[in-house]
Amino acid sequence: MKATYVKPLLVLTVICLVVSAALAFMNSITAPVIGSAADERTQEVMTAKIPDAAGFEPVNLDGIDGLPSSIVEIYRTTNSIGYILIAAVNGFSGDITVICAVDPDGRIMSCSTLSHTETRGIGTIIEQESFLGPFAGLDNSLDGIDTVTGATISTRAFIHAINDILIAFEMVKD
């Protein structure tokens, strides 16, 4: 009776190994392409945030004590007209990745959502200009910014990301 289970078990094991190897191979081929496309999109968004930037150089985040854990990347414009900061925070349905342009005085130039998995129609308010617009021109006080009823967790997470971005800016500005 035990012998009847051995052959199917071996066949399923071999199938799983072959499929796993095929998936790993496909991932090794597609991962660089996907990463490159994501980098290009980020560069396009950064250029749209600060159109007058001559270019962007990454800020080394190693050794910056107290940097908020949500901060993913920081870039400085090569002509010293601003900074781009990217943060990832946990929203209602998963991570929300926020990008924000900050001028040398610590005022928000503009901000937007790079990616999220929030609920369509409710949590997607974090993509809408009616929510994002009031952030422009604000400093670290974020006066006048409130959560939105019905999307409290998503908007609170976005505001938390902006707060972390402004804290990080103060730590890296020249």
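Two strands count as paired here if DSSP finds at least two bridges between them, and the strands (E, at least two residues) and helices (H or I, at least four) are DSSP runs numbered from the N terminus. This is a predicted model, so to speak of local features takes pLDDT of at least 70, side-chain atom pairs count only at pLDDT 80 or more, and totals for chains, interfaces and linings use all residues. Residues are numbered from 1 along each chain as its sequence is written, and side-chain values use heavy atoms, with hydrogens and water left out.

**View 1. Strand E4 between its two hairpin partners.** Let's start with E4 (residues 95-102), which pairs with E3 (residues 83-90) in the antiparallel sense over eight bridges. Asn-90 sits opposite Asp-95 of E4. Four residues separate the strands in this hairpin, and Gly-94 takes a positive phi near 150°. E4 also pairs with E5 (residues 108-115), again antiparallel, over six bridges. Look for Cys-100, whose bridge partner in E5 is Cys-111. The E4 and E5 hairpin has five residues between the strands, with Gly-106 at a positive phi near 90°.

**View 2. The largest nonpolar core.** A nonpolar core is a set of buried Ala, Val, Leu, Ile, Met, Phe, Trp, Tyr and Cys residues joined through side-chain atoms within 4.5 Å. The largest one has 32 residues, and Phe-135, Leu-142, Phe-158, Ile-162 and Ile-165 touch the most other members. Elements giving two or more residues are strand E2 (71-77), E3, E4, E5, helix H2 (129-132) and helix H3 (152-172). H3 is the top contributor, with ten residues.

View 3. The structure holds four aromatic pairs (Phe, Tyr or Trp rings, Trp by its six-membered ring, with centres within 6.5 Å; planes under 30 degrees apart are stacked, over 60 edge-to-face, the rest tilted). Phe-131 and Phe-135 make an edge-to-face pair, 5.4 Å centre to centre with 75° between the planes. Both Phe-131 and Phe-135 are buried. Together with Phe-158, they form one aromatic cluster.

**View 4. Salt bridges.** With a side-chain nitrogen of Lys or Arg within 4 Å of a carboxyl oxygen of Asp or Glu as the rule, the count is three. Glu-57 and Arg-76 meet at 3.3 Å, N to O. This pair links distant parts of the chain, with Glu-57 in strand E1 (residues 56-58) and Arg-76 in strand E2, 19 residues apart. Glu-57 is partly exposed at 33% relative accessibility, whereas Arg-76 is buried at 17%. Asp-139 and Arg-107 meet at 3.9 Å, N to O. Asp-139 lies in the loop between H2 and H3 and Arg-107 in the loop between E4 and E5, so the pair ties together parts 32 residues apart in sequence. The remaining bridge joins Glu-170 and Lys-173 at 2.9 Å, N to O.

**View 5. A nonpolar patch on the surface.** Val-11, Leu-12, Ile-15, Val-19 and Leu-23 form this patch, with about 460 Å² of accessible area together. Patch members have over 30% relative accessible area and no salt bridge; nonpolar side chains (Val, Leu, Ile, Met, Phe, Trp, Tyr) are joined within 5 Å, like charges within 9 Å. The areas come from the Shrake-Rupley method with a 1.4 Å probe, and for residues only the protein chains shown count as cover. Ile-15 belongs to helix H1 (residues 3-49) and is partly exposed, at 44% relative accessibility.

Methods: Buried means under 20% relative accessible area, exposed over 50%, partly exposed in between (1.4 Å probe, protein chains only).
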